[in-house]
Amino acid sequence: MSILVIAEHDNINLNSATLNTVAAALQIGSDLDLLVAGHDCSSVATAASQVVGVNRILVADSDTLNGQLAENMANLLVSMATEYNHILVSATTFGKNLLPRVSAMLDVSQISDISAIVSEDTFIRPIYAGNAMATVQSSDSKKLITVRVTKFDAASASGGNATINPISVSEDSGLSRYVGLSASESERVELASADIVVSGGRGMQNGDNFAMLEAVADKLGAAVGASRAAVDAGFVPNDYQVGQTGKVIAPDLYIAVGISGAIQHLAGMKDSKVIVAINKDTEAPIFQVADYGLVADLFDAIPELEKAL
Amino acid sequence: MIEYHFRDWLRGDNVKSVTENLSMKVLVGIKRVLDPQVKARVKADQSGIELTHAKMTMNPFCENAVEEAILLKEAGVVEEIVVVSIGVAKAEETLRNALALGADRAILVLTEQILEPLAVAKVLKHIVEKEVPNLVLVGKQAIDDDCNQTGQMLAALLGWPQATFASNIELQDTDATITREVDGGLETINVNLPAVISADLRLNEPRYASLPNVMKAKRKPLDKITLDTLGLNTANRLTTLAVNEPPARAAGIMVATVEELVDKLKNEAKVI
Ligand SMILES: Cc1cc2nc3c(=O)[nH]c(=O)nc-3n(C[C@H](O)[C@H](O)[C@H](O)COP(=O)(O)OP(=O)(O)OC[C@H]3O[C@@H](n4cnc5c(N)ncnc54)[C@H](O)[C@@H]3O)c2cc1C
Ligand SMILES: Nc1ncnc2c1ncn2[C@@H]1O[C@H](COP(=O)(O)O)[C@@H](O)[C@H]1O
């Protein structure tokens, strides 16, 4: 039973989500290849070859894969698919964009966002923003799967010894062009992989006040996140958003500040190991999932917290 | 090659050439779902979610897709907005709502079956081949199945480009420039038209329908077709074996002061 994992990367570094997806794939079988598709991505291939449990790194390096647009990437994957029973990718915006296109081209019903593997054809996935867990069995001959990475421990990034094999790339589809990425600059650890996250909601009142959370985050070596209300109000950029529509994270410690705890927000953080809620409203639903709740005005509590750390 | 069937039940007389772009036609896929404000309850027999008597509504991301189509029409770029839903008879309410907001015409593909995104994409492809829109807008994700697949699958089946998770759309004559909300920030891509674009929540702010428009919408054209008559293979490939409640988190405690909180995090939870 051969398995292909699609690596996520920016042509320089392997995204850590890929390690969790490799770990999920290893629960299905051990004959595992990793596809590194991009442009000038040899450093990613080298890093990928160290990942424990991978047999072969398949490297598709071409200027037609600049920006890793779905159209060219899907054509490449379809050309490789005959060899594999399972194709997995992280349920990040990268994987969510790409894999359904491949699935439809192969006439396969994709299984989105799996949180557990029951057997090689049966998987558990959250539905209704995590209000329910569905166990689904696939009758397709191939299984195409996106993986909820917070539910699988990362495979080890070093100690592996995979071979690196260049593969050929199909022509440009001509359908789409990559223009660019406006990345939000941050010196801090990445939200998706941080051990500690400090998140602010509408209660922060404005973007400037997020400096208070950043001061706390700096002391803890934490990333800063936000609710949708805070992003919509323009306090912070979109990639700070945690929840059903934003990032799904599960740090060791999640500190929710001025966030009410709507189900759509909880969908993105309720698997965190320890949850702290700071809110002035005793009734806020966030307290129902918090391990430690503090009813307080955040404008008093946050400076105090920063000093106490 | 796409095969076109201009049948009058779909008012095929409205079909425009894909290159006549000053009066574009937009097709919007709409799903009727459990209202996001309502808590989903798992059925006792674990077969699914309790939906009888539950408040249903238009999927929020579809609201963004409809709103964008209306904004494009108001901007004079789009001439006709066709909304399509595949579902039970009651999905007519959801389509009427879209007509009240500003869509011109609706198509309801009737089925009692709950289709997987691949099957929905096949049905939408069938409608697209008859309607020949310049652009298809869908929501990025249905908030019931949380699949996030249909738009990408439809684009694949049509051989069209896709632009998912759009927070900004600029249409030109033969192409579109789209800003996408991705994990790393905001990505910009350019795609040929026709294309499938999936809407993210920040694409726009959906309006509410005014009462006079709700009344007017009752007279707007709404065609009903039964899924069986389309002759498509929409059999599901996934069997739901069980639907369960997620494991509950153990109850936490309230702390009285910041000092106590820091102490607990250091000495009890040992996370800092
Ligand atoms: C389809 C859909 C998808 C969604 N996706 C997401 C998502 O991915 N992520 C997400 O977060 N939301 C999402 N939402 C929105 C969600 O439903 C809520 O509206 C949102 O999470 C609310 O954000 P908030 O808690 O910051 O704001 P509010 O609900 O307004 O809460 C603000 C909180 O701050 C507290 N507060 C105010 N001032 C202070 C103070 N001085 N000190 C202490 N506390 C204070 C208040 O007591 C209140 O509890 C989605 C909604 C829909 C319909
Ligand atoms: N039954 C349906 N009828 C019409 N459009 C649908 C249907 N199901 C899904 N869609 C469209 O596809 C989007 C994504 O759905 P999904 O792939 O199920 O998450 C929705 O927001 C709709 O725009």
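Which elements cover the buried residues of α8(A)? Before I answer, a word on conventions. This is a predicted model, in which local features need pLDDT of at least 70 and side-chain atom pairs count only at pLDDT 80 or more, while totals for chains, interfaces and linings use all residues. Residues are numbered from 1 along each chain as its sequence is written, chains are lettered from A and ligands numbered from 1 in the order in which they are written, and side-chain values use heavy atoms, with hydrogens and water left out.

Helix α8 of chain A spans residues 298-308, and A:L298, A:A301, A:I302 and A:L305 in it are buried. Buried means under 20% relative accessible area and exposed over 50%, with a 1.4 Å probe and protein chains only. Seen down the axis of α8(A), these buried residues fall within an arc of 95°, so they line one face of the helix. The face turned away from them carries the exposed residues A:D300 and A:K307.

To return to the question, the cover of the buried residues includes α5 (210-220), β14 (253-257), β15 (274-279) and β16 (292-295) of chain A, together with α6 (258-268) of chain B.

I turn now to ligand 2. An oxygen atom of this ligand is 2.7 Å from a polar backbone atom of B:G29, and an oxygen atom of ligand 2 is 2.9 Å from a polar backbone atom of B:Q149. The protein covers 98% of the 480 Å² of accessible area that ligand 2 has on its own, by the Shrake-Rupley method with a 1.4 Å probe. Within the shell around ligand 2, β4(B) gives the most, with 3 residues.

Methods:
Helix = DSSP H or I, 4+ residues; strand = E, 2+ residues; numbered from the N terminus. Arc of directions from axis to C-beta. Contact = heavy atoms within 4.5 Å. Polar contact = N/O pair within 3.5 Å; in protein donor to acceptor, adjacent residues only side chain to side chain.
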